[in-house]
Number of protein chains: 2
Amino acid sequence: MTKKIQLAQKVLSENDKIAEQIRATLQQKGIKSLNLVSSPGSGKTSLLEKTIAAIGDQIRFALIAGDVQTENDANRLLKAGGKAVKPIVTGGACHLDAKMIGKALDDIDLDQVDLLIIENVGNLVCPSSFDLGEDMKVVIISTTEGDDKPLKYPGMFRRSSVMVINKIDLLGLSDFELAKVKENALRINGDLKIFEISCRTGDGLQDWYDWLGTLAALPVKLSE
Amino acid sequence: MTKKIQLAQKVLSENDKIAEQIRATLQQKGIKSLNLVSSPGSGKTSLLEKTIAAIGDQIRFALIAGDVQTENDANRLLKAGGKAVKPIVTGGACHLDAKMIGKALDDIDLDQVDLLIIENVGNLVCPSSFDLGEDMKVVIISTTEGDDKPLKYPGMFRRSSVMVINKIDLLGLSDFELAKVKENALRINGDLKIFEISCRTGDGLQDWYDWLGTLAALPVKLSE
């Protein structure tokens with residue numbers, strides 16, 4: 001085994017230890033948690049903006065918004081009415097890790113939180129390898145990205161519990177086929193729960209809100 | 001300095017040595033080279049398909065198509081008429097490195113090539129750190145990704161010489177503003193050459209083809 005592989009394993013193992021501590025803390029506080037992952041520009045922030053505006057008075061959200069650079073996303077979430085919003089600027093790193101999340105959670109009053117949503121760095125590869133202590137990963141894919149993405153980035157779809165297909169208002173303007181992306185995704189991970197939405201028109205968002213409501217009130221299955 | 005940072009520097013320095021060898025070989029053979037980088041689904045493969053079909057008889061292209069999984073892109077390029085096409089499946093790695101390119105080039109008859117185009121893994125973060133021995137990086141951004149991307153992923157736009165804005169046929173269907181993305185990109189890198197295209201409608205592609213033609217016949221500035 002090369003030194004490089006040994007080191008990578010050590011980094012992941014240290015991350016996993018912190019992630020387990022975070023998971024234990026969140027479970028003890030009765031907080032459900034999601035890790036939102038996607039390509040850049042798939043609509044993670046837009047979905048959270050809509051969600052806060054629609055049900056931010058019914059579910060107490062804590063939101064952690066990660067970016068390589070700028071706090072733009074966190075600012076958008078605050079503007080949308082988010083209360084417990086923490087930005088993480090990775091300064092170049094291609095993913096969030098559990099240590100960053102632990103630090104961000106130190107600044108959040110967890111007794112006032114029902115549901116934690118972490119918006120990861122826009123990247124369909126690296127964030128899939130880092131457990132942040134979340135209950136489950138939610139992968140967002142937009143209809144402008146091509147229906148072959150689950151096959152080309154299988155790790156992310158394998159490790160996610162939910163797939164949100166965003167920008168369905170743009171269907172028909174490319175060769176993206178809804179049936180095809182679902183078929184490809186389910187071939188990688190037959191357990192994926194799927195939502196079809198448009199943040200722009202609002203289509204499908206009610207189902208997403210209902211699911212979050214159920215999630216906040218009931219125990220959920222842990223992601224792998 | 002931690003062991004982790006030392007190791008990262010060592011990996012990059014080894015990569016840079018191989019990249020310099022590749023650059024020297026390509027220059028000796030009079031081959032120009034581009035490293036295409038973008039988010040997943042921005043249209044790297046579509047642009048290459050169009051390019052091969054349009055001017056593949058005038059410029060002798062070598063094409064290296066990198067993906068985390070599947071050889072789909074390479075197969076699309078072959079189907080479009082590409083002759084010297086080599087797939088690289090990284091099997092999980094989030095970027096191409098110089099060693100992979102060196103190995104792929106061993107299988108290509110460089111005496112029959114004018115222009116080498118490398119299609120990197122879809123990822124706006126990690127590929128920016130790896131020199132592949134190319135003359136310049138070309139970053140593709142599509143209008144469905146949001147006009148803030150240059151500010152959020154500055155490394156990629158700083159290290160690219162060219163920005164191609166794809167899917168301009170979808171302008172007006174989101175809040176993406178062409179003027180804004182150009183302003184943001186030029187704030188990061190004032191030297192960026194910019195193309196505005198639509199692979200779907202063909203708009204703007206002639207300028208891109210003309211530029212490739214000039215590139216294949218004339219000396220170009222090296223990327224940083």
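**A guided reading of a predicted two-chain model**

At 1% relative accessibility, Asn123(B) counts as buried, a label given to residues under 20% relative accessible area, whereas exposed means over 50% and partly exposed lies in between (1.4 Å probe, protein chains only). This value comes from a predicted model, in which local features need pLDDT of at least 70, side-chain atom pairs count only at pLDDT 80 or more, and totals for chains, interfaces and linings use all residues. Residues are numbered from 1 along each chain as its sequence is written, chains are lettered from A and ligands numbered from 1 in the order in which they are written, and side-chain values use heavy atoms, with hydrogens and water left out.

Asn123(B) is placed in the loop between β4 (115-119) and β5 (136-142) of chain B; helices (H or I, at least four residues) and strands (E, at least two) are DSSP runs, numbered from the N terminus. What does the side chain of Asn123(B) reach? At 2.7 Å lies the backbone nitrogen of Val125(B), a polar contact, that is, a pair of N or O atoms within 3.5 Å; within protein, one must be able to donate a hydrogen and the other to accept it, and residues adjacent in sequence count only if both atoms are side-chain atoms. Neighbours within four places in sequence aside, Asn123(B) is in contact with residues of chain A, namely Asn123(A), Val125(A) and Cys126(A), and with others of chain B, including Ser38(B), Pro40(B) and Met156(B). Contact here means heavy atoms within 4.5 Å.

These contacts lead to the interface. There, 34 residues of chain B are in contact with 34 residues of chain A. The two chains bury about 2,700 Å² between them, 62% of it on carbon and sulfur atoms; buried area is the accessible area (1.4 Å probe) that two parts lose on being put together, summed over both. Of the area that chain B buries against chain A, 22% is supplied by Pro40(B), Lys152(B) and Leu173(B), more than by any other three residues.

Between the chains there are 4 salt bridges, each a side-chain nitrogen of Lys or Arg within 4 Å of a carboxyl oxygen of Asp or Glu. A salt bridge joins the side chains of Lys152(A) and Asp67(B) (3.5 Å, N to O). On the side of chain B that touches chain A, α1 (3-28), α3 (72-79) and α5 (149-152) each supply at least two residues.

Most residues other than glycine have a negative phi. Lys167(A), however, has a positive phi of about 65 degrees although it is not a glycine. Lys167(A) sits in the loop between β6 (160-166) and α7 (178-188) of chain A and, at 12% relative accessibility, counts as buried. In chain B, Thr70(B) has a positive phi near 75 degrees. Thr70(B) belongs to the loop between β2 (61-67) and α3 and is partly exposed at 21% relative accessibility.

How confident is the predictor? The mean pLDDT of chain A is 94, and 95% of its residues reach 70 or more; pLDDT is the predictor's confidence in each residue, from 0 to 100. Over residues 219-224 of chain A the pLDDT is below 50, and this stretch has 17 contacts in the model beyond near neighbours in sequence. For the complex, the predictor gives an ipTM of 0.90 and a pTM of 0.93.
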